[in-house]
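Here's a quick briefing to read alongside the model. Have the sequence and the coordinates open as you go.

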Amino acid sequence: MALPLLPGNSFNRNVGKEKFHKSQHWGFCNNVMMLVSDEKPGIGGEPLLGQKIKPKCSIYPKGDGSDVPSWVAFDKQVLSFDAYLEEEVPDKSQTNYRIRYYKIYFYPEDDTIQVNEPEVKNSGLLQGTSIRRHRITLPPPDEDQFYTVYHFNVGTEVVFYGRTFKIYDCDAFTRNFLRKIGVKVNPPVQCPEDPYMKIRREILEHVEPLRPYESLDTLKQFLQYHGKILCFFCLWDDSVSMFGDRRELILHYFLCDDTIEIKELLPHNSGRDAIKMFLRRSKLPKNCPPRVYQPGQITDRVVLNLYGDFIKNQADGFLMDRYKLGEVDQEFYKDSDLSLGVTINVWGRKVLLYDCDEFTKSYYKSKYGIENFTSVSCKPPSPPPKIERKFPPYNGFGSEEDSLHTCIGLKPTPHRRNFKKFMEKDSYGFQSNILRFFAKLITDKCVDLDRMFVISYYLSDDTISVFEPIERNSGITGGMFLKRSHVKKPGQEVFKSELSEYIKAEELYIGVTVNVNGYLFHLLNADEYTLNYMEQNTDKYPFSNLKLALQKLKQEEAKSRELKQIFRAADRKHTKKVDYNTFRDILMSFTVGNLSEQEFVTIVRHYRAPEDTCSDVDFLIALAQEKFKKNMFENFDSFIYSCVYEDREKKNVLPTKDIKRLCKSSRLPLSDDLLESLLSRFEDSEKRIDYKSFFSALNWRKNPVPELQPASYLKERCEDIWLGMPSPIPAKYIDYLTLLKDVFGLEEE
């Protein structure tokens with residue numbers, strides 16, 4: 001009776017087995033049948049009885065957990081073994097062999113091995129990585145297999161490429177690892193000592209060093225205080241010597257090596273050469289020697305005698321002075337010797353430390369417990385009283401500046417004007433930097449009551465010129481009334497030592513009376529450039545400040561309703577604007593003389609109503625047509641054809657820049673300023689121009705305009721004439737409603 005198929009009751013080894021294939025051991029090579037591999041398993045992938053398959057890598061016991069690959073299970077794990085190697089020495093004059101120590105690293109993740117040799121000082125051998133990391137085969141006859149973890153243990157030998165390494169110890173992690181995989185770790189083995197290093201150590205212990213200076217270990221001080229510098233402010237008073245003075249210095253003390261460097265602070269225009277260092281970085285002796293030591297003179301010890309064979313080895317040995325009889329006692333400055341108020345000796349110069357920085361204070365406070373860091377006063381002695389220099393009074397010959405320069409030096413030099421101001425304020429392009437005022441002469445003579453003048457103030461050199469416009473049949477010659485010169489202020493003494501004061505630009509504005517060499521001029525108006533200049537520089541011309549002028553109007557806020565009714569009554573046509581004379585009468589009576597003429601002009605210029613520009617356009621077109629007539633220019637149709645060609649969208653308009661480019665490329669006989677003015681009058685809000693109307697207006701054959709009236713010959717010859725006499729009023733109409741809204745907040749009803 002057969003046993004039931006229960007666990008433990010069946011002896012059939014094939015129960016539960018599903019694979020019964022046979023491995024292929026025979027194959028063909030060059031059409032010859034031969035044994036391909038005898039390492040393949042038997043039936044079903046299992047080895048045959050008595051068959052031993054050589055493992056390709058280390059075999060580790062499988063636990064009950066998940067079967068993960070070795071490169072995951074043993075990632076970042078390294079086994080470390082200490083080994084040594086006996087190496088034969090070719091030159092056996094001292095030793096027959098050398099002992100070299102190694103570190104063998106085994107990586108369980110891929111069975112790779114790396115061998116490193118730690119560096120030994122003065123060993124005379126090339127050390128470092130001896131064998132790079134890779135898998136190493138076993139020595140013959142097992143060269144077809146690789147080293148695994150089971151080949152390593154303390155007290156065993158391993159052969160790597162013919163070199164026998166003897167393992168004498170391992171670290172704690174390696175011991176635990178080997179024990180866990182079932183390897184019994186042997187106790188550590190004593191490692192032999194290298195005979196050459198033993199002989200060298202004995203020689204160094206019994207022989208004095210060959211160098212004359214004893215080495216001092218300053219690495220700790222360098223690492224602790226690297227980059228930390230004490231800074232003291234010093235003074236070297238050398239005023240007692242000939243051509244000497246007081247010199248400011250900065251002392252830097254380097255804590256890493258106790259060296260000192262000194263820099264000099266040279267003031268501007270001191271007359272001294274700018275040197276980088278007053279004292280280069282070095283140790284500073286407290287007592288400077290009488291002279292500079294020669295090289296080799298300062299030594300700790302002296303060589304007493306030499307002995308040996310001088311022909312073969314030059315010198316086999318020497319005797320040193322152990323008692324240091326020739327040593328020079330030289331004491332250097334330390335950080336403990338430096339403090340505020342101390343005078344140090346810098347190679348014969350007495351330097352006083354009078355102050356220091358914050359880091360230096362914190363250093364001495366933490367190391368030496370010093371709390372008082374009061375800086376030492378080192379003020380120079382008070383200079384002798386300066387003798388006041390007196391100049392003789394002006395004698396009337398030449399200008400005051402020239403007379404003064406003859407008293408300053410033996411060789412008279414001309415007076416130098418302010419060149420920087422001249423370069424900044426000289427006329428350039430459209431910036432004339434000339435303030436022109438229209439003035440009236442104040443006099444009791446009936447003949448001179450109606451005389452008008454143009455007063456020009458040149459900002460480049462603060463000079464003034466007065467010109468009288470020429471009028472025919474007036475009985476007055478006209479022309480230059482006062483040539484360009486400096487004008488003194490009235491009421492000054494003529495013959496005096498000091499220079500006279502001259503009229504400044506800030507003293508000229510509309511409504512003021514100016515005394516020019518005894519003639520009184522009342523300034524009535526100014527040109528556009530002057531008014532713009534005064535409004536841009538309100539710090540010098542407070543009467544051109546719109547805010548200050550409106551503040552004076554705001555002081556009369558109680559009468560605002562009454563002022564509005566007065567303006568409405570004056571504005572009969574309800575145009576929301578009044579003429580200049582009406583506006584002036586109303587505003588001046590409203591402020592009761594509190595508003596100056598310049599402030600009134602500033603308000604009028606800001607709130608003036610826009611004027612009709614038709615007359616301006618007619619004037620520019622007439623001027624352009626006159627240029628065309630002189631140059632016999634008539635080719636206007638070609639301009640229109642070119643514009644039609646460029647007008648792809650057929651809108652009859654082109655950008656202003658394209659019209660300007662076309663005129664410049666065709667050499668239109670107009671100046672840049674005149675062309676810019678004409679284009680600005682014809683362009684719309686989108687900066688486009690109707691080219692047909694523009695060139696038709698310029699066509700002097702088809703659309704002629706009245707010719708310009710020629711200017712008089714005398715006016716063209718005068719340089720200082722105010723071309724285009726200023727209008728007696730700065731604006732024809734003023735928008736009073738906007739003024740009331742900005743000042744009093746009154747809205748239109």
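This is a predicted model: local features need pLDDT of at least 70, side-chain atom pairs count only at pLDDT 80 or more; totals for chains, interfaces and linings use all residues.

**The chain overall**

- The chain has 19 helices and 26 strands; these are DSSP runs (helices H or I, at least four residues; strands E, at least two), numbered from the N terminus.
- Of the 749 residues in the chain, 32% are buried. Buried means under 20% relative accessible area, exposed over 50%, and partly exposed in between (1.4 Å probe, protein chains only).
- The accessible surface of the chain is about 51,100 Å², and carbon and sulfur atoms hold 53% of that; areas come from the Shrake-Rupley method with a 1.4 Å probe, and for residues only the protein chains shown count as cover.
- Take the contacts (heavy atoms within 4.5 Å) between residues at least 6 apart in sequence: 57% of them join residues at least 24 apart.

- Ile-621 is buried, with a relative accessible area of 7%.
- Setting aside neighbours within four places in sequence, Ile-621 is in contact with Leu-678, Phe-682, Ala-697 and Val-705.
- Ile-621 and Leu-674 are 53 residues apart along the chain, with 9.5 Å between their C-alpha atoms.
- Helix 16 (residues 672–682) buries Leu-674, Leu-675, Leu-678 and Leu-679. They span an arc of only 130° around the axis, so they sit on the same side of helix 16; the arc is taken over the directions from the helix axis to the C-beta atoms.

**The largest nonpolar core**

- This core has 28 residues, and Leu-435, Val-466, Phe-521 and Leu-523 have the most contacts inside it. A nonpolar core here is a set of buried Ala, Val, Leu, Ile, Met, Phe, Trp, Tyr and Cys residues joined through side-chain atoms within 4.5 Å.
- Two or more residues come from each of strand 17 (434–442), strand 18 (452–458), strand 19 (463–468), strand 21 (513–516), strand 22 (519–526) and helix 8 (528–536).
- Beyond its neighbours within four places in sequence, Leu-523 has contacts that include Phe-437, Ile-455, Leu-508 and Val-514.
- Thr-530 is in helix 8 and is buried at a relative accessible area of 0%. Not counting residues up to four places away in sequence, Thr-530 touches Ile-434, Leu-435, Arg-436 and Phe-437.

**Aromatic rings**

- There are 35 aromatic pairs in the structure. Rings of Phe, Tyr and Trp (its six-membered ring) pair if their centres lie within 6.5 Å; planes under 30 degrees apart count as stacked, over 60 as edge-to-face and the rest as tilted.
- One of them is the edge-to-face pair of Tyr-147 and Phe-160, at 5.2 Å centre to centre with 90° between the planes. Tyr-147 is in the loop between strand 6 (128–134) and strand 7 (157–160), while Phe-160 is in strand 7, 13 residues apart.
- Both partners are buried: Tyr-147 at 4% relative accessible area and Phe-160 at 1%.
- Ring pairs also tie Tyr-147 and Phe-160 into a cluster with Phe-81, Tyr-102, Phe-106, Phe-152 and Phe-165.
- Arg-281 lies over the face of Phe-254, 3.7 Å from the ring centre, and Lys-577 lies over the face of Tyr-733 at 5.3 Å. The test for this is NZ of Lys or CZ of Arg within 6 Å of the ring centre and within 35 degrees of the ring normal.

**Helix 5**

- Thr-360, Tyr-363 and Tyr-364 are the buried residues of helix 5 (residues 358–367). Down the axis they fall within an arc of 90°, so they line one face of the helix.
- Glu-358 and Ser-366, on the other side of helix 5, are exposed.
- The cover over the buried residues includes helix 4 (219–225), strand 9 (229–237) and strand 16 (349–356).

- Most residues other than glycine have a negative phi, and most peptide bonds are trans.
- Pro-140 and Pro-141 are joined by a cis peptide bond, with omega about 10°.
- Asp-111 has a positive phi near 60° and is buried at 3% relative accessible area, whereas Asn-269, with a positive phi of about 55°, is exposed at 81%.

Notes
Residues are numbered from 1 along each chain as its sequence is written. Side-chain values use heavy atoms; hydrogens and water are left out.
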